[in-house]
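Subject: Structure handover

Hello,

Here is the structure for you to look over. My notes follow below it.

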Amino acid sequence: MTELHPDLRENVRLLGELLGQSIQGYPGEECFDLIEQIRQAAKADRHQESGSGQRLVQLLTQISDDQLLPVTRAFNQFLNLANLAEQYHGVRRNRGGQSDLMVESLSDVFERLDAQGVSAEALYQRVRDLRIEFVLTAHPTEVARRTLIMKYDEMSDCLARLDHDDLLVAEREDIIQRLRQLITEAWHTDEIRHQRPTAVDEAKWGFAVIENSLWQAVPRFLRSLDHSLSQATGQGLATDAAPIKIASWMGGDRDGNPNVTHKVTREVFLLGRWMAADLYLRDIQSLRAELSMWQANDALISEVGESREPYREVLGRLRDRLLKTRDWAEARLDGKSANEQDILFENADLTGPLELCYQSLLDCGLEAIANGPLLDTLRRAYTFGLPLIRLDIRQEASRHAEAVAEIVDFLELGDYLSWSEPERQEFLVRELQGRRPLIPRHWQPSEQVREVLDTCEVVAGQTPEALGSYVISMASKPSDVLNVILLLRESGMTFPMRVVPLFETLDDLTGAPDSMEALFKVDWYRAYCQNHQEVMIGYSDSAKDAGQMMAAWAQYRAQESLTQVASQAGMQLTLFHGRGGTVGRGGGPANRAILSQPPGSVNGSFRITEQGEMIRFKFGLPRLAEQSLTLYTTAVIEATLAPPPGPEPEWREAMDWLTERSLKSYRQVVRDDPDFVPYFRQATPEQALGKLALGSRPARRKATGGVESLRAIPWIFAWTQTRMMLPSWLGSDVALKEAVNSGRLPVLQDMMAHWPFFKTYIDMLEMVLAKSDIQIAEYYDRTLVDPELQPLGENLRQRLAECVELVKNLKQQDWLLQAQPVFAHSMRVRSPYTDPLHYLQAELLRRDREGSETGQVSELVERALKVTMAGIAAGMRNTG
C-alpha cells in the first residue's frame, strides 16, 4: 500500500499538532485527552476486521453534553486542515514536475498530438478558436464559511513559505508562529453559518474567487498557453485571445428560488461592474508606476500630444474614468441617481487605451516591456471585461409561456396555452418578424408575470459582454425558446442573447434531439442565432430520476444525437454540461470526463458548471486554478483533435441491455417501494439538512412531496453523510450482476479496455464505492430506523457489498482503488477523524428527533449536529 508523500505527511502532522495545542489551551487538557482517546479508538477499530466501531461507540456514548461541541469541532477542524495540506501538496509537487493530480503540461499534450499526426496548423487554428467557459454556480454545497476559507488560504501561504531549504531557524519559527495564530483563530471561530446567505452574498463569494485567485491565474495560464503554442506551431496567441471565459448563475438562477428577483439580478450586475472597476484600478495604478518611458509611436503621440510620459498620460485618463465608473456603480447600488458621463460601459473603452500603449511599445522595440504586466492586464480585459463575469439567467419554461399567455389574453387574441405547438410557433415568429410592440402600455400583469418582464428588462439593459446564456429549464419544444426571445425583445433587447434549452430528466434527454431538430427548422430562429446553438445537459436530475448508470448512458446518447442533428442542420453546437461535484451528479476528474464524451461532441467549445466546494477545490488558490485551467484546456483540445473512439455495435447493445435492468431496479426501490421514502428520511440526516444555512435556495422545489420534489444536492448530501452513497450505485449492482451471470463479463472487460466512456463510468463507480462504509451505514439504521423498516436497509447494504465485489471482479483487482493508491491512502488517513463524526451524528440525530417530538430541542445538540455534517462533508471532499 502506498503511503502519503513524506512532505505531505509532515504538513498534516504539523497542522494537527498546532490544532492540538489550541485545544489544550481551550477547553483544556481533559478535553484534548478525550479527543485523543477517541482518535486512537477509531484507528484501532479500523485495524480490526470484525466489530469495527465497538470501542469507539463505547467511548462516544460516555461523552457529556458540554463535551459534544468541542469534540465534534476538533475532528471537523482536523479534516479541513488535512484538505488544506493535500490541496497545497498538489500544487507544490506539480511545481517539481510530478503531481498527484496528474496535470499534464500543455507542451506534453501538444507533443503527443504531433506524434498522432495532428499538423501544427490544425493545432494552431484549434487553440485560436478555443472557447471554454466555466459557470460558477451557488449550488449550496460549500459548507465552509468564507471567514474560515480566508484563514485556510493564508495557512496554505505559510506552508509555501516553509517549503524552502534555506530558511533561518528564526524565519521558520516566525512562520510556524503565524500558522499557530491562524489555527487558533480558526479554532475560536464558529464554523457554522447561522444565517442562510442571500443570493447577493453568493454572488459576492463568486466575485471573491475572481479577485483572490482567477485574476492572477488566468493571465499566468494564458502566458503558458502562448509559450507552448509558439513552441509547437511557431505562432503565439493573439493579444485579444480569450479562450477562457467565466460566467455565473449566482444572482441569475431563479428556477425554484423565489429569493432571486429582478432587483437581486440588477444588484449583481452593478456589483460586478464595481468590482471590475476596482480590480482594474489596482492594475492601472501599478502600470503607471512601471510605464515611465518616453518613446512612443505616432498613434500614441497623436492621442496625448507632446508628453514626456505618454503612457502615464493615457493610463492616467483611464484611471480617472475607472474611478468615475466605480463611483457610479456604488451610487447606483446605494439607490442614488448617478452621473453616467465618461464612465466605462463598453469593453472597447477599456481595451482601446491598453492596446494603444501595447502597440506603441512594440513599435518602439520595447517588446520585453510590452509583454510584461501590461499584457497581463490586456488579457484580463479581454477575459473578464468591464462586467467582470457573464451572468446567466435561468427560469422555468412555464413561466415564460404564462407571460405570453397573459399578453395574448389581454389583447383578446385567444387562449395561448391551449394552442397547438404549430399555432404557437406561427404566432411567435409573426410577432418577432413584425415591428410593432406587443405589450400594451397601461396593461397590469399578474405579480408572477410582472417579475418575468422586469427580469427581461434588467437583462435588456446590459451590454453583450455582461450576459452569458438564458437557460430554460423544462424546455421541450421550439416555442419555449421563442417565448423568451419575444419577451426579451419586448423589453428592449437590441442584440441576440443565447437562449439555451436545458434537458435534465430521462424523458427530456430522450426527446432532446427531436426537440432541437424542430427548432432548427424555424428559419427565423436560425437567422437569429447565426447558426450557433448551445444546449444544456443536466446531470443531477437525470441521475436522481433514473439512477446513475441509466443517466450516464442517456446523457451520452443525447449528446451523440444532438451532435448529429446539429451537423445535419449546418448548426455549430456547444454542449453546456450541468455537472455537480459528486459522481451521483455527473462529477469526477474533469479531463477523464471530457475525453470520454461522444466523438465530435466537444469540437473546440465546452461550457461547464462549477459549484460550491468544487470551486474552492479547483480554483481556490491561483496555482490550483492555473492547474485546473491547464487540465480542462488540454482535454478539450485533445477531445477535439484526437477524439475517443465511438462504441462498437456490440457495446451499444450491451449498454442498452445493462441500463434497461439498472433503470428498472433503481425505480423499483426509489419510486415503487412504499417503505423507501420513510426509510430515507429516518436513516439519513435529510430532514436536518435545512438546519445548515448552506445557500439561498430552498432544499425542496415544493414544501411537501417525496424524493421527486427533493433537489438533487440534498439527495446526494444525505446519502454521503451516512456513507451509503446510494444514488451513485443503486441499479448498477443488479445490471452488472445479471451481466456476469449471463456470460457477458468478457464483453464488459472489452468495453473497459477500449471505450473511454465505459472505463470512466466504472472508475467513477469504484471511487464512490471506496467512499462507502457498510458498518457505518448499519449503525445509522440501528440507531435511527424503526424496526419494521430495517429489513430494507439490510437489503440495500447487502446489494452495496455485492456491487463492491462485482467491480473488483470486473477490474480484476483484490481491493478497490488498487490502481489509485494515493487516493486510497488519503481516504484511510481521514478515517480516524470521519468515523467518530459519523457515530456522533447518528446519536445526535436521535437526540434531536426525540427533542423535536417533546418540544425540547437542545441548542447544543443542534450545533454539534451541524458541525458533524460540515466535518463529514470535508472528510468526503464533497457534499452534493
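This is a predicted model: local features need pLDDT of at least 70, side-chain atom pairs count only at pLDDT 80 or more; totals for chains, interfaces and linings use all residues.

**A buried serine**

Ser-662 is buried, at a relative accessible area of 2%. Ser-662 sits in helix α26, which covers residues 649-672. What does Ser-662 touch, leaving aside its neighbours within four places in sequence? The contacts are Met-549, Met-550, Gly-731, Ser-732 and Ala-735.

**The barrel**

Eight strands close into a barrel. The order is β1-β2-β3-β4-β5-β6-β7-β8, and the pairing is parallel. On average, neighbouring strands of this sheet are turned by 25° against each other, with direction ignored.

Now the pairings, taken along the barrel:

- β2 (residues 244-248) and β3 (residues 390-396) pair in the parallel sense over two bridges. Ala-247 is opposite Arg-390 in β3.
- β4 (residues 467-473) is joined to β5 by four bridges, and these strands run parallel. Here Ser-469 stands opposite Arg-498 of β5.
- β5 (residues 498-503) pairs with β6 over two bridges, again in the parallel sense. Phe-503 faces Ile-537 in β6 as its opposite residue.
- β6 and β7 (residues 572-578) run parallel and are joined by seven bridges. Gly-538 stands opposite Gly-578 in β7.

How covered are β5 and β6? Strand β5 is mostly covered, with five of its six residues buried. Strand β6 (residues 532-538) is mostly covered too, with six of its seven residues buried.

**A helix pair**

Two packed helices are described by the angle between their axes and the distance between the axes. For α5 (residues 106-115) and α25 (residues 622-641), the angle is about 10° and the axes are 10 Å apart. Angles under 35 degrees count as roughly parallel, so α5 and α25 are roughly parallel to each other.

Which residues make the contact? From α5 come Leu-106, Val-109, Phe-110, Arg-112 and Leu-113. From α25 come Thr-630, Thr-633, Thr-634, Ile-637, Glu-638 and Leu-641. By class, the contact of α5 with α25 has six nonpolar, three polar and two charged residues.

**Cysteines**

A disulfide is a covalent bond between the sulfur atoms of two cysteines.

Take Cys-364. The closest cysteine sulfur to its own is in Cys-357, at 11 Å. A disulfide needs the two sulfur atoms within 2.5 Å, so 11 Å is too far for a bond. Cys-364 counts as partly exposed, because its relative accessibility is 26%. Cys-31 counts as buried, because its relative accessibility is 8%.

**Backbone points to check**

Most residues other than glycine have a negative phi, and most peptide bonds are trans.

- Tyr-26 and Pro-27 are joined by a cis peptide bond, with omega at about 10°. Pro-27 lies in the loop between α1 (6-25) and α2 (29-47).
- Asp-342 is not a glycine, yet has a positive phi of about 70°. Asp-342 belongs to the loop between α12 (310-333) and α13 (348-363). With a relative accessible area of 38%, Asp-342 is partly exposed.
- Gln-530 also has a positive phi, near 55°, in a residue other than glycine. Gln-530 is in the loop between α20 (523-529) and β6. Is Gln-530 buried or exposed? Gln-530 counts as exposed, because its relative accessibility is 63%.

**In brief**

The barrel has eight strands with parallel pairing. Helices α5 and α25 are roughly parallel. The cis peptide bond is between Tyr-26 and Pro-27, and positive phi values turn up at Asp-342 and Gln-530.

Best regards

Conventions. Residues are numbered from 1 along each chain as its sequence is written. Side-chain values use heavy atoms; hydrogens and water are left out. Axes are lines fitted to C-alpha atoms, for helices over the stretch in contact, and angles run from 0 to 180 degrees between N-to-C directions. Angles under 35 degrees count as roughly parallel, over 145 as roughly antiparallel, 65 to 115 as roughly perpendicular and the rest as oblique. Contact means heavy atoms within 4.5 Å. Ala, Val, Leu, Ile, Met, Phe, Trp, Tyr, Cys and Pro count as nonpolar, Asp, Glu, Lys and Arg as charged, and the others, Gly among them, as polar. Two strands pair if DSSP finds at least two bridges between them. Buried means under 20% relative accessible area, exposed over 50%, partly exposed in between (1.4 Å probe, protein chains only).
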